[in-house]
Amino acid sequence: MRTVVLSLVAGVFFGGVGGGVAFPTIPALGSVLGIAPFLVGLILSINRFTRLVMSTPAGGILDRMGTRRPMIAGFVVQGLVPFGYLVGLNPPFGAPSSAVFLASRAAWGVGSAFVFVGAFSTVTHVTTPANRGRWVGYMRGGQSLGFPTGLILGGIVTELYGYGEAFAVAGAAGLFAAVVAYRVLPDVSPEMEGTSRVRDVPALVRADPRIGAVGAVNFTIRFLYAGVLLSTVVLYTEANDISLGGLAGTGTSGVVMAVSVVALSVSNLAVGRLSDSMGRLTTVVPGLAVFGAGFALAALVPTAPGVLAGVGLVGAGAGLAGPPLLAYLGDIAPGGDVGKLGGVYNVFGDLGSTLGPLVALPLAARIGLAAEYLACAGLVVVAGVVAATALRDDTEAEAAAAAAGDD
């Protein structure tokens with residue numbers, strides 16, 4: 001089990017670098033290439049739309065074929081995408097740059113569907129409810145640590161050398177992830193007995209309201225974190241004239257986002273053991289409270305210390321809530337449908353991530369970033385109520401059953 005998960009962590013770490021490079025570079029690149037703000041938001045979110053469409057079918061393929069070959073293919077696609085960004089800087093045949101970036105980001109979504117769902121399926125199959133939180137936390141921590149590496153590289157390499165160099169670094173890291181996956185990723189055989197068809201997934205979700213509740217909370221986290229925060233923080237630093245270490249807007253925003261994702265990664269690594277010993281819900285609700293407090297702080301204290309502390313809390317809160325939710329889904333998922341329900345989890349998250357940039361940029365232009373971040377904090381309160389009322393820890397259920405037996 002340790003070998004499987006650590007091998008997986010190595011691959012997803014380097015794959016995450018390519019994803020991180022996009023966020024500090026593409027929003028600023030829009031004005032250079034003359035891409036309208038709405039199209040910039042669409043470029044940032046289109047990968048999540050394609051992953052939204054592909055996640056459940058990818059889960060079905062993983063349930064049938066096992067995890068190794070589909071995940072390697074996904075890593076290869078992710079590694080090639082940043083070279084598409086390079087083409088988008090000077091597109092051939094008079095093609096618009098926006099179209100090239102859209103196509104490249106869409107391809108990233110297809111590859112990442114197999115990587116993300118495959119990672120969840122692999123860890124779920126090789127763990128038990130007693131230790132699943134710990135290993136899901138490690139997997140998500142390794143996955144998210146690649147992202148801040150990409151944020152830092154994207155912001156600083158762009159600042160020092162240029163956009164093309166940043167995209168080349170991202171592509172090299174992604175292809176290296178594919179090589180790592182090919183060399184060390186083992187195959188986890190599917191459990192064919194009891195496996196349902198992809199078209200049966202909506203019935204599975206309707207049959208267990210806990211799945212829908214997990215999805216709704218994941219939607220909120222991804223909508224606010226990957227959708228709103230990461231697509232607006234570069235504008236936030238520029239609007240409030242925030243500079244770190246002499247860096248301009250792009251470099252500063254890369255560092256700020258990296259602080260958030262490092263906080264997310266560290267909390268991912270720490271929360272798994274807590275959710276195994278204390279229960280999933282016991283860590284999800286406090287994590288959401290920290291998550292919402294970060295948005296409120298960033299809105300109310302628009303300074304360098306305020307934004308660093310605010311995004312740090314946002315990242316830490318997302319990291320405290322996310323892995324226990326994913327481990328909870330693994331606890332309740334039938335063995336033959338782990339991949340498909342992992343796809344459902346990603347569908348909810350990617351729907352939030354897709355809508356986030358589309359809503360965040362126009363809304364910020366209309367009401368301002370401070371008001372938008374306060375509205376985000378309010379939405380987190382709603383998600384906390386959903387989690388507290390709809391989910392129930394297995395330990396609590398077992399205690400209740402034991403009490404009923406004693407009566």
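Is Ser 55 buried or exposed?

Mentor: Ser 55 is buried, with a relative accessible area of 0%. Buried means under 20%, exposed means over 50%, and partly exposed lies in between, using a 1.4 Å probe and protein chains only. A word on the source: this is a predicted model, where local features need pLDDT of at least 70 and side-chain atom pairs count only at pLDDT 80 or more, while totals for chains, interfaces and linings use all residues. Residues are numbered from 1 along each chain as its sequence is written, and side-chain values use heavy atoms, without hydrogens or water.

Now the surroundings. Ser 55 sits in helix α2, residues 37-65. Helices (H or I, at least four residues) and strands (E, at least two) are DSSP runs, numbered from the N terminus. Set aside the neighbours within four places in sequence. Ser 55 then touches Ala 113 and Val 117, as well as Gly 343, Asn 346, Val 347 and Asp 350. Contact here means heavy atoms within 4.5 Å.

Step back to the chain. It has 14 helices and zero strands. Of its 407 residues, 57% count as buried. Take the contacts with a separation of 6 or more: residues 24 or more positions apart account for 85% of them.

Two other residues are worth a look. Gly 30 lies in helix α1, residues 2-33. At 2% relative accessibility, Gly 30 is buried too. Beyond four places in sequence, Gly 30 contacts Ile 35 and Val 40. Gly 30 and Gly 41 are eleven residues apart in sequence, and their C-alpha atoms are 9.7 Å apart. Phe 93 lies in the loop between α3 (68-89) and α4 (97-126). Phe 93 is exposed, at 86% relative accessibility. Phe 93 is not a glycine, yet has a positive phi of about 60°.

Next, helix packing. Two packed helices are described by the angle and the distance between their axes. Axes are lines fitted to C-alpha atoms, for helices over the stretch in contact, and angles run from 0 to 180 degrees between N-to-C directions.

Start with α10 (residues 280-300) and α13. Their axes come within 7 Å and cross at roughly 170°. The two helices are therefore roughly antiparallel. That label covers angles over 145 degrees; under 35 is roughly parallel, 65 to 115 roughly perpendicular, and the rest oblique. From α10, the contact includes Leu 281, Phe 291 and Phe 295. From α13, it includes Tyr 373, Val 380 and Ala 387. By class, this contact has 19 nonpolar, two polar and no charged residues. Nonpolar covers Ala, Val, Leu, Ile, Met, Phe, Trp, Tyr, Cys and Pro; charged covers Asp, Glu, Lys and Arg; the others, Gly among them, are polar.

Helix α13 (residues 369-390) also meets α8 (residues 209-239). These axes come within 10 Å and cross at roughly 165°. That makes α8 roughly antiparallel to α13. Among the contact residues of α8 are Arg 210, Phe 223 and Tyr 236. On the α13 side, they include Leu 369, Glu 372 and Tyr 373. This contact has 18 nonpolar, two polar and two charged residues.
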